[in-house]
Amino acid sequence: MPMFAILVLLWMSRAVCSYDDTSFVAAVYEHAVVWTSDPTQPPTRQEAIDHMKHNLDVYRAQTREAKRQGADIIVFPEDGIHGFQSRDNQYAYLETIPDPEKIVWNPCDDPDRFNDTPVQQDLSCMAKENDIYVVANFGDKQFCDTSEDSSCPNDGRYQFNTDVVFANDGTIVARYHKEHLFMTELQFNRPPAVELVTFQTPFGKFGVFTCFDVLFHDPAVALVEDYGVDTIVFPTAWMDVLPLFVSVEFHQAWAMGMGVNFLSANTHVLDRRMTGSTISTPSGAVSYYHDMNSTDGKLLVAEISIKPIKNVVTSTDLPITEHDTAFVSDLFGDPFTFVELQKESDYVIVCQNDLCCSLNYTKSEISSEIYAFGAFDDLHTKEGQYYLQICALVKCANSSRDSCGQPISDAQTTFFHLNMAGNFKFPHVFPEVLTSGIGMDLAVGEWEYKDGTILSTSGISKPLLSAALFGRVYERDDGTSKHASGAKELHVHFFLLFVLVSALQGVLFEWL
């Protein structure tokens, strides 16, 4: 009997080792950030530290809880420590963050090595005390001389939107400066060159980038295709734009399209329509959260594979088809060619330029609701400039065809069968499905992305808001975007268009 017990223990030990070699536990925290911002009165350094302490105290508690649930890594959101500031106000919240490729530093063990680094010390000790990797976003300041550096901002310093990774012993192992600043991020500067940042852990190779970066080839796609990362950590302050840019649908889609794990941690600021965090794999979201009613943050913890299995994207040959009943309607600034779904069951093809899209469907009959299936193949110029090819099925906002593509958050029509494909000639296609529920629902487990096709043979149980194959044609981007000195220039006409669309969705902005 004792020998049997020993054999059982040996077998269990082997099983545990094998299990640990194939999976890890990830955590993301959607944080209801606390901040103060008075453009007329920049805070003192001590006031800024006191403000940040409120958020860091929450981080500390959530890190402990994540570890209690077995997490190996936790990701916190963009702007979660200091909130949203003007450039002058932001300065008091910044620290000089050393480059871990040049300097090995553990702020928890060696707090006096660099001056004025309380945030780095707090985060480092959180990681060390809980034996967990910590990914956090805050501001980095790097001083420069305008007489020696032609790109140096007029105030003599670079201010970077920065992701910092602390290993489980508290050592800084990665630092990433955000490349693609969003329209209102005038408090920050772009780095002199695109940074491709990875870090190795016992549970896989990770890449890091931030928010708006996800729409561009560098660094996002390059980290996966050229650097072979298994998992992306993604701090974000993502504002929803229906129907195709809802946080959870897009982040899940990116994981499925690129064949990686994707850990997205969003800020939770309801008056900016910022909510939605996911732990996603190439098979879809394992855990996600999206709530426009609660004012509380949310911790997600899930076990996922170290080495995700990628999906294969194939092209579908479709005939160029012109419809007498086709119409054009705007979807987030893009003129889609749409056809209305006039039958309960049908097979339709719609084309625009080089892109043709097909849809085979069966749906319930709700006479008051209109759905349209459309294609877009052109340069998107709304809040940035990038080339898109998209096949999209959308619920129209009302009975007018002009409303097809406009924001709508409720529906009654369900789809019993859905098969969507496109004749994409490139691999970067991201599948989206969004249904109406409590918050935004992803219909996880009711559809799959297979051979470049969105397929649901057993039906999607909740009413459908949209489904799309979101293609990015990176090689058709204009390539004229340059690294600007100082903060990125804001193009006024893009800004006004964005404000208009946001206003239509009931978004309240606090412009920086």
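A disulfide is taken here as a pair of cysteine sulfur atoms within 2.5 Å. The structure examined is a predicted model, and by this rule the count in it comes to five disulfides. When the bonded cysteines are counted along the protein chain, the disulfides follow the pattern 1-2, 3-4, 5-6, 7-8, 9-10.

One of these links joins Cys108 and Cys125, with the sulfur atoms 2.2 Å apart. This separation lies within the 2.5 Å cut-off. The angle about the S-S bond of Cys108 and Cys125 is 105°, and the link is right-handed. The pair connects distant parts of the chain, its members being 17 residues apart. Cys108 is placed in the loop between helix 3 (87-90) and helix 4 (118-130), whereas Cys125 belongs to helix 4 itself.

A further disulfide is formed by Cys144 and Cys152, for which the sulfur atoms are 2.0 Å apart. The torsion about the S-S bond of Cys144 and Cys152 is about 75°, so this disulfide is right-handed. Both Cys144 and Cys152 are buried. Cys351 and Cys356 are likewise joined by a disulfide, with an S to S distance of 2.0 Å. For Cys351 and Cys356 the torsion about the S-S bond is about 110°, and the disulfide is therefore right-handed. Cys351 and Cys356 are both buried. Another cysteine, Cys211, has a relative accessible area of 9%. Because buried means under 20% relative accessible area, Cys211 is classed as buried.

A search of the whole structure finds 32 aromatic pairs. In one of them, the ring centres of Phe234 and Phe262 are 4.8 Å apart and the ring planes meet at 40°, so the pair is tilted. Phe234 lies in strand 8 (residues 231-236) and Phe262 in strand 9 (residues 261-266); the two are 28 residues apart, and the pair links distant parts of the chain. Phe234 has 0% relative accessibility and therefore counts as buried. Phe262, also at 0% relative accessibility, counts as buried.

Phe245 and Phe470 form an aromatic pair of the edge-to-face kind, with 5.5 Å from centre to centre and 90° between the planes. The relative accessibility of Phe245 is 8%, so Phe245 counts as buried. Phe470 is at 0% relative accessibility and is therefore buried as well.

The residues of both pairs belong to one aromatic cluster, which is formed by Phe209, Phe234, Trp238, Phe245, Phe250, Trp254, Phe262, Phe332, Phe430 and Phe470. An arrangement of a charge over a ring is given by Arg272, which lies over the face of Phe84 at 4.2 Å from the ring centre.

At 33% relative accessibility, Val194 counts as partly exposed. The C-alpha atom of Val194 is separated by 6.7 Å from that of Pro219, a residue 25 residues apart from Val194 along the chain.

Notes. Residues are numbered from 1 along each chain as its sequence is written. This is a predicted model: local features need pLDDT of at least 70, side-chain atom pairs count only at pLDDT 80 or more; totals for chains, interfaces and linings use all residues. Side-chain values use heavy atoms; hydrogens and water are left out. Helices (H or I, at least four residues) and strands (E, at least two) are DSSP runs, numbered from the N terminus. Buried means under 20% relative accessible area, exposed over 50%, partly exposed in between (1.4 Å probe, protein chains only). Rings of Phe, Tyr and Trp (its six-membered ring) pair if their centres lie within 6.5 Å; planes under 30 degrees apart count as stacked, over 60 as edge-to-face and the rest as tilted. A charge sits over a ring if NZ of Lys or CZ of Arg is within 6 Å of the ring centre and within 35 degrees of the ring normal.
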